[in-house]
Amino acid sequence: QVQLVESGGGLVQPGGSLRLSCAASGFTFSSSSMNWYRQIPGKERELVAGISPAGGSTNYAESVKGRFFISRDNAKRTVYLQMNSLKPEDTAVYYCKVPRTGSWGQGTQVTVSS
């Protein structure tokens, strides 16, 4: 079955950087678009970034444009989210998702605080 395992979250100071990873298995990764979402407690999950199967097309939420960058390595079956210039309002649980199957990972906590 589809498995998505996120990693790379943690505590970082404002202005810092983190790189999240999502390791995928159980489906044809190289044929699947991938998304990163985030969720703040009490709020709905928000789409942060998406990437096409070959990686040639990406899209971002306005709130993260120019700071976050999504990429993928199809040989490693992994999608990444490079997060730079982090702000306290980026604090959330970050999830990866396979749009085609609707499958979610378990999430990784990102906390931006001094």
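**Exercise 1.** What is the handedness of the link of cysteine 22 and cysteine 96?

*Solution.* The model examined here is predicted. Step one is to identify the bond: the sulfur atoms of cysteine 22 and cysteine 96 lie 1.9 Å apart and form a disulfide. Next, the angle about the S-S bond is 55°, and the link is right-handed.

**Exercise 2.** Determine whether cysteine 22 and cysteine 96 are buried or exposed.

*Solution.* A residue is buried under 20% relative accessible area. The value for cysteine 22 is 0%, so cysteine 22 is buried. Cysteine 96 also has 0% and therefore counts as buried.

**Exercise 3.** Trace the salt bridges formed by aspartate 90 with arginine 38 and with arginine 67.

*Solution.* Start with arginine 38: its closest N and O atoms with aspartate 90 are 2.9 Å apart. Because aspartate 90 lies in the loop between strand 8 (78-83) and strand 9, and arginine 38 in strand 4 (residues 34-39), this pair ties together parts that are 52 residues apart in sequence. Then take arginine 67, where the corresponding distance to aspartate 90 is 2.8 Å. Arginine 67 sits in the loop between strand 6 (58-60) and strand 7 (68-73), so its pairing with aspartate 90 ties together parts 23 residues apart in sequence. Through shared partners, salt bridges join Arg38, Glu46, Arg67 and Asp90 into one network. As to burial, aspartate 90 has a relative accessible area of 1% and arginine 67 has 9%; both aspartate 90 and arginine 38 are buried.

Technical notes: Residues numbered from 1 in each chain as written. Predicted model: local features only at pLDDT ≥ 70, side-chain atom pairs only at ≥ 80, totals over all residues. Heavy atoms only, no water. Disulfide = S-S within 2.5 Å. Buried < 20%, exposed > 50% of the residue type's maximum accessible area, 1.4 Å probe, protein only. Salt bridge = Lys/Arg side-chain N within 4 Å of Asp/Glu carboxyl O. Helix = DSSP H or I, 4+ residues; strand = E, 2+ residues; numbered from the N terminus.
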